[in-house]
Amino acid sequence: MTQTPVAVPPDTSFYGHPRGLATLFFTEMWERYSYYGTRALLMLFMVAPATTGGLAFPVVKAGAIYSVYAAMVYLLCLAGGWVADRITGQRRAVLYGGILIAAGNFSLAAPSIMFFYAGLGMIMLGTGMLKPNVSVIVGQLYAPGDKRRDSGFSIFYMGINLGALISPLICGLVGENVSWRLGFAVSGVGMVAGLIQYWLGGKHLGQAGLYPASTGDASKDRKQKRIGAIAAFAAVAVLGGLAMLSSSGVVEISPTTVSDGLGWVLIAISLATFYWLIFGKGWSVDERKRAVAILVLFIASAIFWASFEQAGSSLNLFADRNTNRVVLGHQFPASWFQSVQPLFVIALAPVFAWLWLALGRREPSSPGKFTLGLLFVGLSFAIMVPPASGGLVSPWWLVGCYLLATLGELCLSPIGLSAMTKLAPARIGGFVMGIWFLGTAIGNWLAGRAGGLFESMPLPQLFGAVAASALVAGVVLAALIKPTVRMMSGVK
Ligand code: PHE
């Protein structure tokens, strides 16, 4: 995603940052509120018995749907970034995205299975339009070389986690204790609040993200728009065709087959991307070496998110079915556990920022921090093996699990994106940002499928296997720290 020159005058009216940061902070806060509110309920709603208003899906099917949903949300960020760059500009992309997300949540609230799937589709598309682009606008608020940029992103990251913290408390309570569908509606209302705020605050954003980046050649620009239109049309035609074939019974399309297909698509995109980055024409030797380093971090991040994002799938079910949630005679909703991770992020992010500074020359390299991330998330599942062997267990197990996982997130997530952008050849910076989302998508796909095994595999075995995968990956990455740092050719 190209950086257009900044047209906003230097502004320090929001705690020393441009006022527009407040607008984007709250836009993303509400978007994440909506995303995590819906995510907290989704798995539980799909498997809940029809008597409670749930969909009564088998866990395997629910896991497959969750995998497609959570993976597509992030995979479509690649498309959303491209559409904004070339066609709509970031500002309009965020607006359309927010409208789609709100509409999607209201669609989930409607009592019809068709509306359920349509709602998930709208949220996928909407998040793909909104999430990458709101971050791009944040970057554009600062002139190149402005020292406030990194701290601006740290503040923005707090907005993400603030939204993720409050929504499970509200949507979870309404969804689990009143009505599932009302819970989704409450999630949609949050996105509407975010949209109103974004609309009203637009004046603080100056020119940032208003126009698509021009290639500098009008006929090339027009060609790009045409490609976009054809691709969108083709996607709609393929989806429509598939829907018709399946509803007429010509082919059997189940959530599991869709999810399997998506798995192959994710692998194919990753292979093609890295083949091009490493063996493609026109890269210098250093750029190829850095692409290998990007590949190592990419694989590590996919494995990391595969464990971490089970908060919404298997661990969510564990909270619901295996955890004693009665406090002072009252049972609290299982989805409240979803607030634990963002709470720890908010509490501990400043500690980590301080820690890395305090370590000075001993601060770990990016692959070193990724290793720590994998080891922590591996441990977080390892400690769940004993409580998984049966009976209702204390809620502190999950709290401990989420604490360890969050320590991992803080080692990996904030570092990942900036490492990627620094390792990428400058002319494809936006594309490499997309690769980071691709890694997240693969992780989410795996997390959904792992959640689908909740009933078919003994739990200690499932959690043990997840722990072992992350820990083994951590150990392998530890051995690769030195060669990877060498491949990074001087990038810190
Ligand atoms: N907590 C992060 C967020 O919601 C998770 C994430 C990381 C999502 C990387 C996308 C990419 O923003």
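The legends below describe close-up views of a predicted model.

Local features are described where pLDDT is at least 70 and side-chain atom pairs where pLDDT is 80 or more, while totals for chains, interfaces and linings use all residues. Residues are numbered from 1 along each chain as its sequence is written, and side-chain values use heavy atoms, with hydrogens and water left out.

**View 1. Leu266 in helix 8.** Leu266 belongs to helix 8, which covers residues 255-279; helices are DSSP runs of H or I with at least four residues, numbered from the N terminus. Leu266 has a relative accessible area of 3% and is therefore buried (under 20% relative accessible area, 1.4 Å probe, protein chains only). Leaving aside residues up to four places away in sequence, Leu266 touches Ala71, Leu75, Leu438, Ala441, Ile442 and Trp445, where contact means heavy atoms within 4.5 Å. Met72 lies 194 residues from Leu266 in sequence, and their C-alpha atoms are 9.8 Å apart.

**View 2. The largest nonpolar core.** This core has 135 residues; a nonpolar core is a set of buried Ala, Val, Leu, Ile, Met, Phe, Trp, Tyr and Cys residues joined through side-chain atoms within 4.5 Å. The members that touch the most others are Leu24, Met46, Phe116, Leu266, Phe318 and Phe463. Beyond residues up to four places away in sequence, Phe116 touches Leu42, Phe45, Met46, Leu55, Phe57, Ser107 and Leu108.

**View 3. Helix 5 against helix 6.** The axes of helix 5 (residues 149-177) and helix 6 (residues 180-201) come within 6 Å and cross at roughly 160°; axes are lines fitted to C-alpha atoms over the stretch in contact, and angles run from 0 to 180 degrees between N-to-C directions. The two helices, helix 5 and helix 6, are therefore roughly antiparallel (an angle over 145 degrees). Ile170, Cys171, Val174, Gly175 and Glu176 of helix 5 make the contact with Trp180, Leu182, Gly183, Val186 and Ser187 of helix 6. Six of these contact residues are nonpolar, three polar and one charged; Ala, Val, Leu, Ile, Met, Phe, Trp, Tyr, Cys and Pro count as nonpolar, Asp, Glu, Lys and Arg as charged, and the others, Gly among them, as polar.

**View 4. Helix 2 against helix 7.** Helix 2 (residues 59-88) packs on helix 7 (residues 218-247) at an angle of about 135°, with axes 9 Å apart. Trp82, Arg86 and Ile87 in helix 2 meet Gln224, Lys225, Ile227 and Gly228 in helix 7. Three residues of this contact are nonpolar, two polar and two charged.

Key
Buried < 20%, exposed > 50% of the residue type's maximum accessible area, 1.4 Å probe, protein only. Parallel < 35°, antiparallel > 145°, perpendicular 65-115°, else oblique.
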